[in-house]
Amino acid sequence: MGGVKNYFLRCILCGAEYDPAPMYVCDDCGGLLEVVMDLPSSKFFSRIVDRPWYMWRYRELLPLGSGSRIVSLWEGGTRLFNLSVEDGLSLYIKLEGDNPTGSFKDRGMSLGVSKALEYGFSKVACASTGNTSASMAAYAARAGLEALVFLPRGKVARGKLFQAVAHGARIVEVDGSFDDAFKMVRRHVSESSDLYLLNSINPYRLEGQKTIAYEIYEALSNAPDYVIVPVGNAGNIYAIWKGFFELVEMGVIDDVPRMIGVQASGAAPMVHFFRNGTYRPVEAPETLATAIRIGNPVNRDKAMKAVKFSGGWFSSVSDRDILSAQLDIARRYGLLVEPASAAPYAYFRSNIDLFKGSVVLISTGHGLKDPDILKYWSEYGLI
Ligand code: AN7
């Protein structure tokens with residue numbers, strides 16, 4: 001099954017190494033696992049210039065056996081928009097809402113669902129604040145797999161729930177937060193041998209998402225100085241950093257960008273962890289940016305490693321700042337992003353003096369997913 005393998009799994013805490021397998025954490029110490037790839041030379045990028053502009057142009061950098069089926073809806077290849085060039089500062093936005101189901105999760109799910117087939121699973125599962133479930137449901141449909149999703153009741157944007165139902169996922173609504181739903185899906189998966197877990201604790205999911213970094217590099221012919229990312233479960237910021245780090249290892253760029261993670265102030269455990277060095281989950285996370293309403297990010301150690309190594313930091317913004325940034329992006333640039341995706345711009349806008357050179361904001365999801373936010377624009381007096 002799967003042909004030649006040019007990768008293995010390694011624990012980020014104790015360094016234990018494992019042959020590729022459908023596992024989520026280290027057998028020895030319980031730490032998170034990362035995929036270690038046997039990388040090609042720096043000539044790789046000049047060899048792929050004529051390939052189609054989607055995620056699988058980076059086939060050799062993705063951990064899937066050479067004979068395995070690729071489950072694709074033509075994800076990746078998203079726009080990198082230049083917003084402004086002023087006073088020695090170039091500002092870009094990477095529009096992950098361009099993906100097939102409208103969020104960056106499609107990159108992870110294309111690889112994750114392909115792995116589910118490679119390993120012979122017939123069902124996939126996740127807990128979700130919305131986008132993960134929408135994406136997993138679509139890719140499972142494409143692959144002919146059953147999808148089971150656990151959602152925090154009443155806290156998922158309507159467009160995302162609509163997508164999961166449309167694609168035929170079985171939905172379990174949980175009274176509690178995403179963190180409670182995640183506990184529940186992990187228990188379910190541990191009790192069933194036929195259920196593959198596709199939350200970002202799955203190391204392969206994040207490998208798909210690292211292609212965001214490759215695309216930014218190809219579009220700019222270099223790494224930017226800063227990348228600003230909205231943070232919930234804290235997987236994507238690590239994934240993007242890992243993509244840049246691999247480019248350094250391949251000798252394609254000299255340095256990784258500084259990675260800056262932005263949380264909503266009512267759900268900001270990484271900010272406390274970064275500033276004080278001690279980790280404390282937020283028991284009752286609250287924010288109107290429901291995508292990042294997460295109090296106990298499972299990828300906290302990976303995200304901390306990425307941010308510290310890159311010379312970056314974590315910060316938070318208020319819901320009011322998020323909504324007003326969302327409207328600003330919509331009205332100034334003609335781009336509609338979801339609330340969580342406006343958090344990087346909200347942070348950048350109020351801290352512009354911290355930046356010089358090139359800055360890329362990661363806009364993680366499409367604005368059409370959450371039309372009910374209209375009510376809050378009005379309640380906050382923004383429209
Ligand atoms: C639009 O869908 O966690 O820090 O269950 O949907 O990698 O978790 C969504 C996360 C940012 C945060 N922006 O990414 C889910 C889920 C949007 C998102 C994030 C999410 P991570």
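Q: What makes two rings of Phe, Tyr and Trp a pair here?
A: Rings of Phe, Tyr and Trp (its six-membered ring) pair if their centres lie within 6.5 Å. The model examined here is predicted.

Q: How many aromatic pairs does that rule give?
A: The count by this rule comes to 24 aromatic pairs. One of them is the edge-to-face pair of Phe-245 and Phe-309, with 5.4 Å centre to centre and 90° between the planes.

Q: Which parts of the chain does that pair link?
A: Distant parts: Phe-245 belongs to helix α8 (residues 236-249) and Phe-309 to helix α10 (residues 300-310), with the two 64 residues apart.

Q: Is Phe-309 buried or exposed, and what about Phe-245?
A: Phe-309 counts as exposed because its relative accessibility is 52%. Phe-245 counts as partly exposed, at 26% relative accessibility.

Q: What is the geometry between Phe-273 and Tyr-279?
A: Phe-273 and Tyr-279 also make an edge-to-face aromatic pair, 5.3 Å centre to centre with 70° between the planes.

Q: Why is Phe-273 classed as buried?
A: Phe-273 has a relative accessible area of 13%, and buried means under 20%. Tyr-279, at 22% relative accessibility, counts as partly exposed.

Q: What lies over the face of Tyr-279?
A: Arg-300 does, at 4.2 Å from the ring centre of Tyr-279.

Q: Changing topic, which residues do ring pairs link into a cluster?
A: The cluster consists of Tyr-7, Tyr-24, Tyr-119, Phe-121, Tyr-196 and Tyr-204, linked by ring pairs.

Q: And which residue lies over the face of Tyr-204?
A: Lys-115 lies there, at 4.3 Å from the ring centre of Tyr-204.

How values were computed. Residues are numbered from 1 along each chain as its sequence is written. This is a predicted model: local features need pLDDT of at least 70, side-chain atom pairs count only at pLDDT 80 or more; totals for chains, interfaces and linings use all residues. Side-chain values use heavy atoms; hydrogens and water are left out. Rings of Phe, Tyr and Trp (its six-membered ring) pair if their centres lie within 6.5 Å; planes under 30 degrees apart count as stacked, over 60 as edge-to-face and the rest as tilted. Helices (H or I, at least four residues) and strands (E, at least two) are DSSP runs, numbered from the N terminus. Buried means under 20% relative accessible area, exposed over 50%, partly exposed in between (1.4 Å probe, protein chains only). A charge sits over a ring if NZ of Lys or CZ of Arg is within 6 Å of the ring centre and within 35 degrees of the ring normal.
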